[in-house]
Amino acid sequence: IGRTEQDRRIDIREARPDDGPALVRTIAAIDAETDFLGVPGERPPWADRAAQQLREWRERRAAVYMLALRDGEIVGYVGAFAGWFERNRGVLFIGVVGVRAAHWGQGIAKQMLAAIEAWARAHDMWRMELRVDTQNPRALPLYLKHGFVVEGTIPHAVAINGSWRQHHWMGMLLAADDAPRCKPVDLPRLAPPPDIDQVIFRPLRPEDAAALWTWEGAMLAETPFMMKRPAERLAVERLAKNLAEADGNPHRHEIVAAIERQGEPARIVGHGGAWVEPLYRMAHDSWVGVGVLRA
């Protein structure tokens with residue numbers, strides 16, 4: 001007797017490095033079946049090194065892809081990413097949830113969400129969050145039923161077929177909300193140094209690595225509420241390598257406020273940057289950061 005599609009067992013498990021090529025193919029297939037994920041033909045930035053990326057994420061517990069398999073074939077996936085730093089590593093952002101169209105309505109996304117939550121709890125995470133199109137008829141009820149709540153709305157979130165769409169930002173606590181609330185931090189302004197009128201503004205350059213490393217250390221040490229801690233800075237050699245690789249990248253725009261004297265290395269007193277999302281639907285979005293030494 002032939003089995004119906006619903007009768008065939010679904011296996012849910014974490015992606016392994018050798019799943020990389022098949023996962024990339026599944027992502028492409030699902031993108032072609034829905035307007036709510038990637039643009040058809042637009043591959044993930046890590047598509048050409050999928051096995052290596054999955055291995056690195058798994059070793060560092062930095063991210064996880066949970067797969068739904070039917071008869072060994074990937075029919076759905078959830079990709080989730082942990083916070084970068086110690087202070088937000090307990091927050092898991094669910095970036096993508098996709099199921100092949102032929103398998104919609106069979107509870108597969110629900111099973112994958114449960115598996116992601118179990119992974120998060122096993123790694124002592126205290127919160128999950130995601131964003132969803134306000135007009136997505138399947139996803140929004142699923143997330144609400146799972147326990148996510150709407151925490152805000154993002155206008156002009158993505159562009160689909162020439163029209164702007166809104167997203168809900170949703171969150172779900174995994175741990176009891178009983179931690180004491182932080183009190184406001186008072187940071188009185190310091191007296192400006194005598195050479196403040198010599199500050200110039202210019203693009204960040206690869207040769208600024210040492211000065212930028214020194215600036216970041218000073219800024220993080222004097223400001224107690226930053227996400228990043230001084231010990232989490234990249235080594236100056238790694239920072240120099242990153243700046244050299246990013247030089248000319250159209251998705252990064254960084255400037256510094258610096259004091260420069262002839263014959264002396266530049267002293268950076270402020271840094272500002274905008275990092276543009278590389279993928280098409282969000283290419284109008286950028287993350288912005290500005291930091292200035294208190295003096």
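Strands here (E, at least two residues) and helices (H or I, at least four) are DSSP runs, numbered from the N terminus. The two partners, β9 (residues 252–259) and β10 (residues 267–276), run antiparallel and are joined by eight bridges; strands count as paired if DSSP finds at least two bridges between them. The model is a predicted one, in which local features need pLDDT of at least 70 and side-chain atom pairs count only at pLDDT 80 or more, while totals for chains, interfaces and linings use all residues. Residues are numbered from 1 along each chain as its sequence is written, and side-chain values use heavy atoms, with hydrogens and water left out.

β9 and β10 belong to an open sheet of four strands, ordered β8-β9-β10-β11 with antiparallel pairing. Its edges are β8 (199–203) and β11 (286–292), each of which pairs on one side only. From one strand to the next, the twist averages 15°. Helix α5 (residues 209–222) lies across β10 and β11, at about 90° to β10. Such angles run from 0 to 180 degrees between N-to-C directions, with axes as lines fitted to C-alpha atoms, for helices over the stretch in contact; contact means heavy atoms within 4.5 Å.

There is also an open sheet of seven strands, with mixed pairing and the order β1-β2-β3-β4-β5-β7-β6. Here β1 (10–14) and β6 (149–160) are the edge strands, and the twist averages 25° from one strand to the next. Helix α2 (residues 50–60) packs on this sheet, touching β1, β2 and β3 (73–82), with its direction at about 120° to that of β2.

What about the inside? The largest nonpolar core has 31 residues, and L92, I94, I116, M128, Y143 and F148 have the most contacts inside it. A core of this kind is a set of buried Ala, Val, Leu, Ile, Met, Phe, Trp, Tyr and Cys residues joined through side-chain atoms within 4.5 Å. Buried means under 20% relative accessible area, exposed over 50%, and partly exposed in between (1.4 Å probe, protein chains only). Helix α3 gives the most to this core, with eight residues. Beyond its neighbours within four places in sequence, I116 touches V64, M66, V78, A80, L92, I94 and M128. A second, separate core holds 18 residues, among them I30, L37, A50 and A62.

Then come the rings, with eight aromatic pairs in the count. Rings of Phe, Tyr and Trp (its six-membered ring) pair if their centres lie within 6.5 Å; planes under 30 degrees apart are stacked, over 60 edge-to-face and the rest tilted. W57 and F81 make an edge-to-face pair, 5.6 Å centre to centre with 80° between the planes. W57 is in helix α2 and F81 in strand β3, so this pair ties together parts 24 residues apart in sequence. W57 is buried at 10% relative accessibility, whereas F81, at 27%, is partly exposed. Y143 and F148 are edge-to-face too, because their ring centres are 6.0 Å apart and their planes at 70°.
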